[in-house]
Structure formats: C-alpha cells, structure tokens
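This briefing is meant for someone meeting the structure for the first time. Please keep the sequence and the 3D view at hand while reading the points below.

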Amino acid sequence: MTTHAVQTAAPAPFSADARVVRALEATLRARLKGEVRFDAASRALYATDSSNYRQVPIGVVLPRDTDDIIAAVAACREAGAPVLTRGAGTSLAGQCCNVAVIIDVSRHCHAILGIDTDRRQARIQPGVVLDRLRDEAERVGLTFGPDPATHRWCTLGGMIGNNSCGVHSVMAGKTDDNVNELDILTYDGVRMRVGATPPDMLDRIIGEGGRRGAIYAGLRDLRDRYGDLVRTRFPKIPRRVSGYNLDFLLPENGFHVARALVGSEGTCVTVLEAMVRLVPSPPYRSLLVLGFDDVYLAADAVGTVTAFGPIGLEGIDEVLVRHSRKKNLNAKGLALLPEGQGWLYVEFGADTMAEAESRAQRLMDELRARPGAPSMTLFRDPVETQHVWAVRESALGATSFVPGESKNWEGWEDAAVPPARLGEYLRRLRQLMAEFNYTGSLYGHFGQGCVHTRINFDLKTTGGIAAYRRFVEEAADLVVSMGGSLSGEHGDGQSRAELLPRMFGEELMQAFREFKAIWDPDNKMNPGKLISPYRLDEHLRVQQFRPPAVNTQFAYPVEGSLADATLRCVGVGKCRKTDGGAMCPSFMATHDEQHTTRGRARLLFEMLQGEVITEGFRSEAVKDALDLCLSCKSCKSECPTGVDMAAYKAEFLARYYERRRRPLRSYAFGLINHWGALAEYVPWLANVFTQVPPFSTIVRWALDMAPERRMPAFAPRSFRRTFLGGQTQEARSKKQEGGSSNSGPSRLSPLASRPQSTAPGPKSRRVLLWPDCSNNYFHPEVAHAAAAVLDAAGFQVDIPRERLCCGRPLYDHGMLTAARRRLVEILESLHAEIEAGTPIVGLEPSCVSVFRDELLRFFPDDPLARKLREQTFFLTEFLVKTGTVPDARLEGRAIVHPHCHERASLCLDDDIAVLKKAGLEFTVLDAGCCGMAGAFGFERDHFDVSMQVGERVLLPAVREAASDTFIVTNGFSCREQITQTTGRRVWHIAELLARALPVELTPGARHR
Ligand SMILES: Cc1cc2nc3c(=O)[nH]c(=O)nc-3n(C[C@H](O)[C@H](O)[C@H](O)COP(=O)(O)OP(=O)(O)OC[C@H]3O[C@@H](n4cnc5c(N)ncnc54)[C@H](O)[C@@H]3O)c2cc1C
Ligand code: SF4
C-alpha cells in the first residue's frame, strides 16, 4: 500500500512574511511574459467568485501561454505559496476564491488548438470560452454537449474544474463524460497527459517509476482498496457532481485518470490543455412548453416526458415567473408561456424540423390522452422560442434582488435526486424551507433531477448564520435519504464540502483525502476547498461587510444605499461576454477582469470594506478601474441584477474630486451648455478656436484631446435662434395681418414660413421640443427636422423659453452638484408646463435618459420630478405612444445603430416600429457602444479603447455598407464616431422621417 500525507482538517490560510511575498512577486515578474499583479486593487478584484465567500488572494498572474503557467506554479512552489487556477470565476460554491496566487488563464490562454472532425474531438487551452468552441464545432455539425447557463463566458478549464452540466446534459452527459484527455501539471512540477489507461499501459507507467509512476501506483492502490465501496456508495443518478470522481478509476470505466480529475475544482492539478469530446448537434430543434397546476406536478411528469427522448428538459415554477414580472424582465417570453403555475421546457432535436416537431407532437398526443393533461404550446417561431428560453436562462438574475423581496443567496442551489423522485423532493424541500421561513424559486434541470434555488438566508447575523447552517444540514440529510447528491452541478467548493461526510460516509471521505494527497501532498492546490475544507459559515462576504455611512448625492431607491448597490453584483459574469449585446464595451475591448462591470462593482465594494483598499473615495485604484467605464448604462439593462455602474461611477467621481481640481477637459466638456450659449452669438469665432490651426491645436493640447479627433464645429445658427426668430417673424406678420399674437396658442414652428404645412387641422396638442446642446448648437438640422415631423403629426411645437440643459455631460465627470442644479432649474422653469402635462420630446437619447434615470436618483420622492419623467419622451416613442407616426414613405436600405442609452433606458422598439411603417429595409446592428460615449473617445488616454470598441462591429459594418445605404443613429457621440472615422453621412431618425415629408425644411437642414 502506498502512503500519502493526508490532510484531514482545514488548513490555516497561507500567511507569509511580506518579504517572501515581495520576493515571489519579483520572481514571477522576472520569469513570466504575462502580467503579474500583486497590488491591492487586483487582489481586491479577485477576492470573490459568484459565491457567498470572500478571501483575498496573495496576488494575481495572467499567464501569456502554457510555459507561463508552468513557470508561475514553479515560482509559487519555491515560495510555498498556494495556487488557484481560474477561468471566468463564475463558481457558485466558493471554490474560486482563496488565499493563494490566482492564475487567471482566461485572458491569454484561450486557443482552440484543433478540431478533429473524424474523431469528433477538440484540443483546447483551458481559457477557451465554451461558446467559442461551440461556434467552431457547429461549423462541422458538432457541439460540446454540457452547456451551463454561463455558456457565453464560462471557460472550458472552469467547466472541467467544476464538472459542469447544462440543459443538454440530457443528451450528452456532464463534462466528465466529454473529456478524453488532459494535459496536466502537478504542484510539484510534473507535467503529463492523462486519459483512459488500459491495464498494460497502467503497468508500464507504474513500472517506469518516478513521480508519474508513483501517482499511477497510488491511484491503482486507491481503486483496489475503495473500488467496491465506490460501486455501492456512489449514488446512481445522472447528476452526482459532489466528491471526487473515483468511479472513473474503476476498471469498468477504463481507469480514466482524466475523467477522475474532472470536478476536482483546482484542488489536485492545473489543466494546461484538454482533448474534449464533441457530439453531433441536432440541426433542427423544437421547443414544447407544458404548463401544470404547480411545479410539483411538473416534476412528477418528468418520467413520462423523458421516455420520449428529449435533448433538453428543464423546469420552472411560478415564483420565477412572478419575480420576472416584478422586475419587468422577459415580458415577451412570459406572455408566451402556456397557462399554468409550473412549467416544463421540452426540447427535441432531429435532422429535419418536421421530425423534431413530430416528436413533440407524439408527446403531446400521449399527454392529452391522460387525465389532468397540462396546457401545451409548441413554439415554431425562432424569435418566440428565444423569448421563452430567456425566461429560464435568466432565472438566477431574475430571482436576485427582486423589489419588495428579501435578498437571496446561493448555499443550497444545485442538489440533485433521482429524477423519478423529483416531485417528492420538491415538496419536501419547500416544506423544509417553510419551517425555516425561507423562500426561493425552484427551477432547473428537471430531466436530470437537479434543482436550483436561491434562498433568503440571513448571512449577516449570528442567529441567521446558525439557521443557515441548520437548514443546509437538514437539506443535505433529505437529499442523501433520497439517494441524491448535495451538488448536482456547481460543485462542492466551500458551501457543500463540509457536508460531504453525510453523503459519502467516513470511509469514502478518507479515500477522497488520499486521492487529493496523491496529486498534491503538500495541500497547496486550492486548499480548504472540496476536501479538508473551511467551514461553510466562515469567510462569508456579507457577514464581513461593515461599510461606513456615506452621504451620497444620488438616492438609491432601488438598491437601498450605495453600499447595497455594491453588493448587488452576485458575480454572474455576463459582463464578460464578448459575442454580442452591449455590456460591457470596455471588457470587450480589453478582456481584462478589471474592466468588467463586475470588477468595478467589486472594487467599489472593497473600497467600502476598507480592508485591502484603504483610501476610500480618494482611491486611485478605484478611479483607474472606473476610468474605462463609458457610462453607457448597458449594464443597467443587461446585467441580470441591474448594476447601474454609470451612476456609481458618477457618485464616486463626485466624491473623488471633492476639494481637488478636475482636469481642464472636465470643464470644457462638462460645461458645454455654457460654451454653446456663448458661441451661439459668435459661432465663427468659436470655430476659429476649435477648427483652425494653430488655435485648435493649442485648445486640443490644453484639453488633452486625442490628435486623431476633430472637435465638432458649431453650426452657423443654432436651432434655438432660428426657431425663436421664426416665432418673432410670425408674430410680426400676424400683427400686420391684424391678428394678435396672444390670441390662442401661438404657433412656434420655424416652419411657419414654409409654403404649406403637411399637418391636417388646427394644432390643438402642444409639445415642447427639447433643444439639447448637441442638436441645438452643432446639428440644428436634426431639431428642425424633428419640429417638421411633429408639425406633420399634428402637434403645435414649442421650445422652453429659458436656455435649459439636462446636464448630461456633467455626469461623466462626476460634477453632480452642478448636474443637480440644472435639474432644479428645469423643474422651476417648466413648473407650469409640467403641471399642465405638456409632453417634452427629446432627440438625444442620452439627454432623454437623464429625465428617465438621473432625475429620480436626485429627487426620488418629488411628485413634480416624477411627473416630468412620465411626460418626457424620445421622438419615436412619442409618435408611437400618441399614434401619430406620420405617413412618411422611405425607400432604400439602412443600418441602424442604437445609442446605448436608447437600449438601456428608452425603447428601441419604437424606432423599429417607425422605420418599419416608413417601409425602409433596415438592419439593427448588435454593436453595443460606439466607443465615443460623450467626451470619452475624444480624450487622448481613451482614444485606443474608443477605437477598439468602435471597430468591434459598428465601424466595419458602416464601411461595408453600400454608399446609398442610410446610416442611422440618434446619438451625437455615435454620429461623431462614425463620421470622424469613416466619413459617412449619418442620419438621425428625425431627419429620415422629415426627408419623406412633402415639405421644405429650414435652409441647410437637409444636408450639412
Ligand atoms: C448565473 C449562473 C448560472 C450558472 N449555471 C450553471 C449551469 O447551468 N450549469 C453548471 O454546471 N454551472 C453553472 N454555473 C456555475 C459555473 O458557471 C460553471 O461551473 C462554469 O463552468 C464555471 O466556469 P468558469 O470559467 O467560471 O470557472 P471558474 O469559476 O473560474 O473555475 C471553476 C473551478 O475550476 C477550476 N479551474 C479553472 N481553470 C482550471 C484549470 N486550468 N486547471 C484546473 N482547475 C481549473 C477553478 O480552480 C475552480 O475551482 C452557473 C453560475 C452562474 C453564476
Ligand atoms: S456603464 Fe457600460 S461601460 Fe460602464 S460598466 Fe456598465 S456596461 Fe460597462
């Protein structure tokens, strides 16, 4: 028998003399090509994963390649420092945070090294994102089967670490079933390729001796001593994820060392490369959704449904649906669900759509023939199917931070039982939750008996934490009594590791300890997780959090407070996706965790925690992390928990600059309304300073602007001057005609002098057109066009008499006192209009979004502010809401680039509806942010990122568009980015509509 140093108790977290850590950092820097980050901000950034736990790492390493990973492990070994390899950090059980050197392989080690179509396998580096591999494999009709909900950003290394599963594990098994070979590295520096080991090969390897031979001998010995116990004690269910995979060492499973290591959560080896199995991907899929009277009945039907061979079988309950409604999430998908209070999603796959649908039909026929048949909808439209899937896929986010509900957390979120007993488990689990006064939605991979929930544990108080412990212990006993697994998907980490003896018994626990010791006798690989663990109720992030009281400029009515806002990020990691959507443009450009919404939220949390980042709001590290946030607000709408980083950034900057001078450019860009007001009288002079060298060169140098950028030129005459001039002229002519300018509502459109108005009848409905700084001073043709469109739609158009500004540019610079003042001025000046219910119509999405968002952050309880918010609209939104979209006919093609704030705070559907009605053929780009984002892209230090963001999708799409294609965008920044980099003419939607009207616009309005 081989003996190994076996650790039974949790280790004391690594503590080393600062000199040792400094020396380790220096060694890593000397030996690695990649980044080595031991600064406070980087350590803070990686202090937690998606779990409840927080442990500050020793430092972070971003290896460039495999040699770097090997060198990093060697340096750690020499210093005796523990190691934790990490992918996207979306682990939910605490296995991805530790007092260790974190080796983040996601940034650079993400190559797909080859796809072997004949053998149906792919060789990959561990940092490859699952969907990248799936996209490549789909080209040859193959796929990687297990697909966690995080498939757009989780890494293969992390999936191997956690033994991840997903909807299609019904079809293709867990990750362990899909790993053929691993190229691994032990802490003591042995690199080897492991996989299935036929008996003769096993004998040969052991005979060769050395460390490799000793490892194999240890594994064989372990198998021989514990094999029978493994056979009898391991639950025979599809989703046993807890514990080490000792069953793969059994001869009947091919002594598969690679698969035995899957699910070892970084506690045994570092995976350098993997050869993974690919399976045929059914080209056609149908989705049948069944609605039952409750989720238990849905679970009871799993056996019947499974017999029909679905490739995916998921379940959701009424709590998830209720919470999604409360958060106004996935409204379209919710509306499509068949009647019920518990639902099964049944997906069938086939080579033809007819076959996929006929499989669903057969199941429907069978169910209809039974008493108590569920309601059923078979989805044929791919868009509808996508909407319905979104309800299930966003479950974790949808059930987190629900207004009016207590906060809920992971901790008992992925147990699995035999699918045949799922209904019974759900009933008993709910009963247990009720005994503890806990609530939570129940949903998950019902076809494999795996159930997710987030529960409103109190993880703050001693009593609450004690109750949490009692609950998970009882829940564990319940699952074990039903022949289940404590983890059916997310792994053991720290949440479940302590409970494993209840499931496996002491003898198998000893086998697990020995398995760990064979690979990592010094316990340096992710110590204290999965085996010989830390307690499940220590290192709790929420318990540790004692933020100071902070006087904030904004109110946090949804979050509670700024401190609560920093807790809102639960680590889902959606801001790490790079394949579409808008969040988060800076991460899409840099691929660096510090530039994710999550990273920023964490740094703000750590700033308030004050343990690693100790300078509070003066912290340069936090400022640096926020620096590349473009304040696009994409996170506000795309992040499942609604992290509103643009607001938190503005709040931070306001505090950071207290009693500090801001850069000159903050005053130049932030106070653009003042400069515009001056330039309105002498635009030519202003343009000398911004357009004519050497004056413009000096101005740009003083403002630290990128030399590649042009300052926008002031228009010869602002919209406001023309408009009010038109009004005066009209009043004068009315007087000459003997009319009175005071009789009835004055008609204020500059188009008064047009030959004829297109609008029918008298203008009874009055609107205020908002002359935002960009359209007023720089692009008045847009505002004129909008006035024409509103006029044609039958409205009497007016503008505010005073020169008002919403203050949008101030937010980007954290000038919140001034921004608040602007809004007070608006509320005072427009008091009567607001009270009278006059609609305010805006043209610049970022300005309209001030009235939607920031206004209520300043004045959450002010009825006038609420009223103003309710009656402010974007142009197309207003036209659609009032049913006045003009009958404009447009011919040709267009590509539409939505401004980020339009996606986040307004309604993009209205633009689409208006363009559709006009008959234009168009494509809406999924380009995310344009990269200009106010002043951001003009600034020298942001220029490169600005261009990377723009060049991702938007700018290439514009360049590829035919010369007669309209490029449509409503944002000033987007327009500048496009025109300055491609030279293409850009259209605001108001201009397009006006172009189709049978009227002459104000001179110069049609082209500039
Ligand atoms: C909203 C949400 C939904 C989720 N849904 C699912 C789901 O449907 N199914 C599912 O299975 N999981 C799910 N998860 C959990 C998680 O996303 C998956 O386990 C995912 O595969 C982890 O990938 P990652 O890249 O984030 O790994 P990480 O969290 O970075 O790492 C996971 C583990 O693998 C280890 N590891 C990483 N790289 C290596 C390496 N190169 N060598 C050795 N060890 C390594 C780490 O040390 C860690 O222990 C969900 C999580 C969230 C937040
Ligand atoms: S506002 Fe935009 S850039 Fe800033 S964190 Fe959110 S998604 Fe990223």
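Leaving aside neighbours within four places in sequence, Ser-91 is in contact (heavy atoms within 4.5 Å) with Asp-49, Ser-50, Ser-51, Cys-96 and Asn-162. The model is predicted, so local features need pLDDT of at least 70 and side-chain atom pairs count only at pLDDT 80 or more, while totals for chains, interfaces and linings use all residues. Residues are numbered from 1 along each chain as its sequence is written, chains are lettered from A and ligands numbered from 1 in the order in which they are written, and side-chain values use heavy atoms, with hydrogens and water left out.

**Ser-91**
- Ser-91 is found in the loop between strand E3 and strand E4 (101–104), where strands are DSSP runs of E with at least two residues and helices are runs of H or I with at least four, numbered from the N terminus.
- Ser-91 counts as buried because its relative accessibility is 8%, buried meaning under 20% relative accessible area with a 1.4 Å probe and protein chains only.

**Ligand 1**
- Ligand 1 is surrounded by 35 residues, each with a heavy atom within 4 Å of the ligand, and the closest are Thr-85, Gly-87, Thr-90, Ser-91 and Thr-155.
- Strand E3 (83–86), helix H5 (156–162) and strand E10 (270–277) each supply at least two residues of this shell, and H5 gives the most, with five residues.
- The shell around ligand 1 divides into 14 nonpolar, 18 polar and three charged residues.
- Oxygen atoms of ligand 1 lie 2.7 Å from an N or O atom in the side chain of Thr-155, 2.9 Å from a polar side-chain atom of Asn-162 and 2.7 Å from a polar side-chain atom of Ser-164.
- The protein covers 97% of the 980 Å² of accessible area (Shrake-Rupley method, 1.4 Å probe) that ligand 1 has on its own.

**Ligand 2**
- Around ligand 2 there are 13 residues, of which the closest are Cys-584, Arg-600, Cys-629, Cys-632 and Cys-635.
- The elements that give two or more residues to the shell around ligand 2 are helix H23 (597–609) and helix H25 (634–638).

**Helix H35**
- The buried residues of H35 are Leu-816, Ala-818, Ala-819, Arg-822, Leu-823, Ile-826 and Leu-827, and what covers them includes helix H26 (645–656) and helix H37 (845–858).

Definitions and conventions
Buried means under 20% relative accessible area, exposed over 50%, partly exposed in between (1.4 Å probe, protein chains only). A polar contact is a pair of N or O atoms within 3.5 Å; within protein, one must be able to donate a hydrogen and the other to accept it, and residues adjacent in sequence count only if both atoms are side-chain atoms. Ala, Val, Leu, Ile, Met, Phe, Trp, Tyr, Cys and Pro count as nonpolar, Asp, Glu, Lys and Arg as charged, and the others, Gly among them, as polar.
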